[in-house]
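User: I would like a close look at a single part of this model, with its pairing partners set out in order. Please also place that part in its wider setting.

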Amino acid sequence: MHVTAGPWAAAVYLTVVVILAVFADILSPRDPLAIDPNNILASPSAENLLGTDELGRDLLARIIHGGRVSLEVAVSAIVLASAIGIPLGIGIAFSGRRVETFAMRVIDVFVSLPEIFVAIVILGFAGGGLTTLIGTIGILFFPQFARVAYGMARSIRAREHVLCAVSLGAGTAWIIRKEILPNMMSVIAVQASFTLSFAMLMEAGLSFLGLGVPPPTPSWGQMIGGLKNYIFINAWPVVVPSVVLFAAVLSVNVLGDWLQDRLNPELRR
Amino acid sequence: MRNAGDVVLSARRLVTTFDTPSGRLRAVDGLDLHLRLGEVVCLVGESGSGKSVTGLSLMGLIDPPGHVTCDEFWFDGHDLTTLPESEMERLRGRRIAMIFQEPLSALNPSRRVGDQIAEVLRIHGLASRAEATRRAVELLGRVGIDDAQLRARSYPHQLSGGQRQRVTIAIACIGSPRLIIADEPTTALDVTVQTQILDLLTEMQTSLGSALLFITHDLGIVAELADRVVVLYAGQVVEEAAVEDLYRTPGHPYTVGLLASVPDVDAPRKRGVALAAIPGTVPNLLEVGTGCRFRERCDRAHDRCGAEPPMITLSEGHRVRCWLYAGR
């Protein structure tokens, strides 16, 4: 299969980000929390490769540790969203027509809620923190998985190999496990990759607003939120996490597109 | 005819209806069917005659908006008119199995064929995982797949059309069913492969001692395969006979027309003479009224054909639904 430069670059970038995030404790050049009042908002130097923030903390170290939080939140939220959404969608597809209509309308309501607003309300009441953040984003995104799983389950169920399995005595549980699930995984994978970029942006947005992980633990969005106030003193520090986040989201999207073309060529737009 | 064994399936007045927005459609209308162990019965009819729906009805695979009723419906000692779905589930794959027309769509594209054969035994808890896999590979060899051990690990798209149909035959046979329903299993295949598949099918059926209900529109296959033939027209049985009787003395004008429309390669070719064809098409099942359903297309139609024709027994096992034989 021919892979163009885009997906390659995206894959390399994300691999680097993931490796740095996972091994942050070993790979980080400095302590991300160490304050240096004599060296604040500095541009890159031999000492601080990406400069420093408003408290003189090393930006490279904070980017690396911040990536860990950003990825952890986004990935966990997607896992949570699919763990709720996929069984729910399949369950709805196999329920009666009335339940089906009602449940899908409820899901539609969930999808049409303004996400950031709901998140602000939940986090405002529950308070920030890693677990709440993951839970909130997971709940916001599960309806999308439910919808995709519902649609796929319905269409796969109408295929002849399912009828064939029924003709061999397979019950509903067996059909779901062996006929429906394996045949929807490629579409789910694509859905997950696109939702992942949304989850990363959502985490960044909430942290930017101060509703995410509480300081001093760094996350990309929170760094942008803090550093934006000093943009007229030194624009450099706020650019660093912004570009890193932008490139990460773009990479996830590019890879998602590539995955879409590869796994589901018939869905190509 | 091969020795006919015990009756394995007996259905009286099977009716399958579908509720459509434009009314209730009777896809199968009062079908009587009796199948004995060891015999091959061909269900013949053109598109829309209700052949496939009959097969699915016998398997209990008609879902709403479809609905099946039957005065009497016995299969292998079970009364299927009262049997709960959970019990029917236990019969499918173990006692009664079906082979579909298009093997590629009948197989699960994302699972290995060996697993799909073995899974029939797993569904019914008939064997351990290792034992099921072993028997699947063994059967794969028996249905004529070379390198069965290796091929069991293939996905359906990696096999040829003929190999795929061999796999679906293995899937249908691994539970040793008493009745195999094959719905046009060779229509999607090359002619050369067709013969091999038919041979394989009868070979498996003979070794299992089961009954085979073969659904087809191909009268060439019928002559080759059948012990008995049931001719279906617009959801009704119009003629039923042993295969020799049907070809020698076809009763119903529809059957006569069907047989005449088979090209005879041995006959001297006459220029400008078109193949015999029956004019018209099967009537819309929503619009059939009373009377013979074939009368619009029948060259021997008569006034009385406006009334429901009786089923008349011409000789032992040869029945015709036609006014031509009434009062003889």
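Analyst: The account below takes up strand S1 of chain B and then turns to chain A. This is a predicted model, in which local features need pLDDT of at least 70 and side-chain atom pairs count only at pLDDT 80 or more, while totals for chains, interfaces and linings use all residues. Residues are numbered from 1 along each chain as its sequence is written, and chains are lettered from A and ligands numbered from 1 in the order in which they are written.

Strand S1 of chain B covers residues 7-20; strands (E, at least two residues) and helices (H or I, at least four residues) are DSSP runs, numbered from the N terminus. Two strands are taken to pair if DSSP finds at least two bridges between them. S1(B) pairs in the antiparallel sense with S2(B), residues 23-36, over 11 bridges, and a hairpin of 2 residues links these strands. Within this pairing, B:Ala11 lies opposite B:Leu33.

S1(B) also pairs with S5(B), residues 72-75, in the antiparallel sense through 4 bridges; here B:Ser10 has B:Trp74 as its bridge partner. A further antiparallel pairing, over 4 bridges, is made with S4(B), residues 66-69, where B:Val15 faces B:Thr69.

As for chain A, its secondary structure consists of 10 helices and 0 strands. The C-alpha trace of chain A spans about 75 × 50 × 30 Å along its principal axes. Of its 269 residues, 42% are buried, that is, with 20 or more other C-beta atoms, placed from the backbone, within 10 Å of their own.

How values were computed:
Buried ≥ 20, exposed ≤ 12 C-beta atoms within 10 Å, placed from the backbone.
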